[in-house]
Amino acid sequence: MAERVLMKGNEAIAEAAIRAGCRHYFGYPITPQTEIAAYMAKRMPKIGGVFLQAESEIASINMVYGAAAAGMRVMTSSSSPGISLKSEGLSYIAGSDVPAFVVNVQRGGPGLGGIQPSQSDYFQATKGGGHGDYRMIVLAPASVQEMASLTVKGFNLADKYRMTAMILADGTIGQMMEPISFEDVEVETYDKPWALTGTGMKREHNIVNSLYLKPDELERTNFQRYEKYRTVEESEALWEEYLMEDAEICVTAFGIAARVAKNAVAAARAEGIKAGLIRPITLWPFPKAALRRAADQVKAFVSVELNMGQMIEDIRLATECRRPVSLCNRTGGMIPSPDQVLSSIQAAAGCRDGRLSEGQMTSPAQKGGN
Amino acid sequence: MATVFQKPHALTDAALHYCPGCPHGIIHRLVAEAIDSLGIEGRTIGVAPVGCAVMAYDYFRCDMMEAAHGRAPASATGIKRCRPDCIVFTYQGDGDLASIGMAETVHAAARNENITVIFVNNAIYGMTGGQMAPTSLPGQVTQTSPYGRDVTHCGWPIRVCELLSTLEGPEYVARVAVNSVKNVKAAGKAIEKAFRNQVENKGFSLVEVVSACPTNWGMTPQKALEWVESDMIPYYPLGVYKDRTAAKEAEAK
């Protein structure tokens, strides 16, 4: 059996990145992800790597861009307001088709928001954030173990598809400690003939660039990139199903919200309600097929989120609105209790005509909070 | 027949897109000559800016990257830290380096990042059609200062070399011009030194090249070069603002 160690989620990401071959980290301090930078600052100089604290999030993502263009496994990490600043660079990285690994340990927003856990950057991560047509692979760990294994997977996928892989975690998983092992995901390596290495006077020069002034060239590049994205959508979606075999109510949740939702599903089962859980592990590509199948089976969906309702839009799209989808949410750093989720499941189960009225939707205001 | 003059190897055969009379061609050539003379083309990686030189990646034969606006020193840092054996240079204009990218410029200099920065100061945004730059002179008429740059409204032009030379970090900071044969020759020497410093691991070297923009200044190329002499250079005096190695050697004597 693999050796297990007790680690914080943020540290698990840092250690897993090193094991995945990342030797270059560029970042800027922000709560609640600073343990990643601290870990890298300690370890990188001892293993021949580079830790550099940049002057800003903008500089750090552009250092990542340079290092990625040079063909290196490289990463940065930040939290919500910092990811907004990095979004310019993420667009350039996408437009240049270089691989990068980025971590967002989310905190509440908008604006400076707060420093408590949140999932309110779902739209930013899965729908863009920066300008232009582009996608990122978005991985949503729900445990410290997944912080580690999805980090290795993220580096593999980034290199495989020459795109950004982002860990979309939150302050809770970043800060909590659990026993984990580092051996469950194999490190893959990919050739990078496009990288900037110096020509050695042996080949034509490589150019890493996102500028296409001729509209037909830019259009062609965008179409080609979306071919690649289609391959990712077809082959890389990941999700977990829990008690879905005979479920009539499907709870959907990712990250830390899924841990709460799982308890609520078990409690609903104890009350005789046939509830199940679909937990998207990749938020992009979104596990549409699993949800489409569930829509054939269940009466209603309950989306549990630490935001004002973001993933719920993808649930509705994937299920083509064939079943009612209600929202069970907290925001601003608040986390729903299993009881709140259970109430939402009960409300969904009590829905006779297959349509939930607005009054049946669960929100902390209507329930008086926890 | 003996060859007495030829294009530097480090330049490709691509036709430059610059306007007639634009000194970018001269400055590209000086950079390429430095790369040739140091024999470093095969291990050089250049970073192009956003601005008139945005397509410099097509003109230099070494590996090239096109950075985001103002971020070339950050991207160059990423490359250099990964590939310390490569020679990494940025080629940036005044808007890119001294306005939107000022933080990246100052901090790369403060870190003594072992890169070479070629900073082309022509006191105007050329690519976007002639707006006021951080280095536009007091009273200078541009598209966004149509009544002349009013320093009580939008502040004073920034002297980048003087500013950077107050930092402990950088190895070499110098200002040159390309408005005369004599100045072009001196510019070539400074640019070569800025590359040699990197080869010798001495650290951050920046050469500010006072240049001209006949198109957006609304002048003939000849008149523009005269304006460099009469108006630009008095505000931006040429010279070496910092040379750590030379200072140390002078101290030792």
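## Contact between the chains

The contact draws 34 residues from chain A and 29 residues from chain B; two residues are in contact if their C-beta atoms, placed from the backbone, lie within 7 Å. This is a predicted model, in which local features need pLDDT of at least 70 and side-chain atom pairs count only at pLDDT 80 or more, while totals for chains, interfaces and linings use all residues. Residues are numbered from 1 along each chain as its sequence is written, and chains are lettered from A and ligands numbered from 1 in the order in which they are written.

On the side of chain A that touches chain B, H3(A) gives the largest share, 9 residues. Helices (H or I, at least four residues) and strands (E, at least two) are DSSP runs, numbered from the N terminus. Strand E9(A) also pairs across the contact: 2 bridges join it in parallel to strand E2 (residues 63–66) of chain B, where A:Ile207 has B:Met64 as its bridge partner. Two strands pair if DSSP finds at least two bridges between them.

## Strand pairs within chain A

| Strand pair | Bridges | Partner residues |
|---|---|---|
| E11(A) and E14(A) | 4 bridges | A:Ile249 and A:Ala300 |
| E6(A) and E7(A) | 3 bridges | A:Ile137 and A:Ala165 |

Strand E11 (residues 249–252) of chain A is covered on both faces, with A:Ile249 and A:Val251 buried on one side and A:Cys250 and A:Thr252 buried on the other. A residue is buried if 20 or more other C-beta atoms lie within 10 Å of its own, with C-beta atoms placed from the backbone. Together with helix H9 (residues 255–270) of chain A and E12(A), E11(A) makes a right-handed β-α-β unit; right-handed means that, with the strands pointing away from the viewer, the path from the first strand over the helix to the second runs clockwise.

## The open sheet

An open sheet of 7 strands has the order E3-E2-E4-E5-E7-E6-E13 (chain A), with mixed pairing. E3 and strand E13 (282–284) of chain A each have a single partner strand, so one side of each lacks a neighbour in the sheet.

## Helix H12

The buried residues of H12(A) include A:Gln340, A:Val341 and A:Leu342.

Notes
A residue is buried if 20 or more other C-beta atoms lie within 10 Å of its own, exposed if 12 or fewer, and partly exposed in between; C-beta atoms are placed from the backbone.
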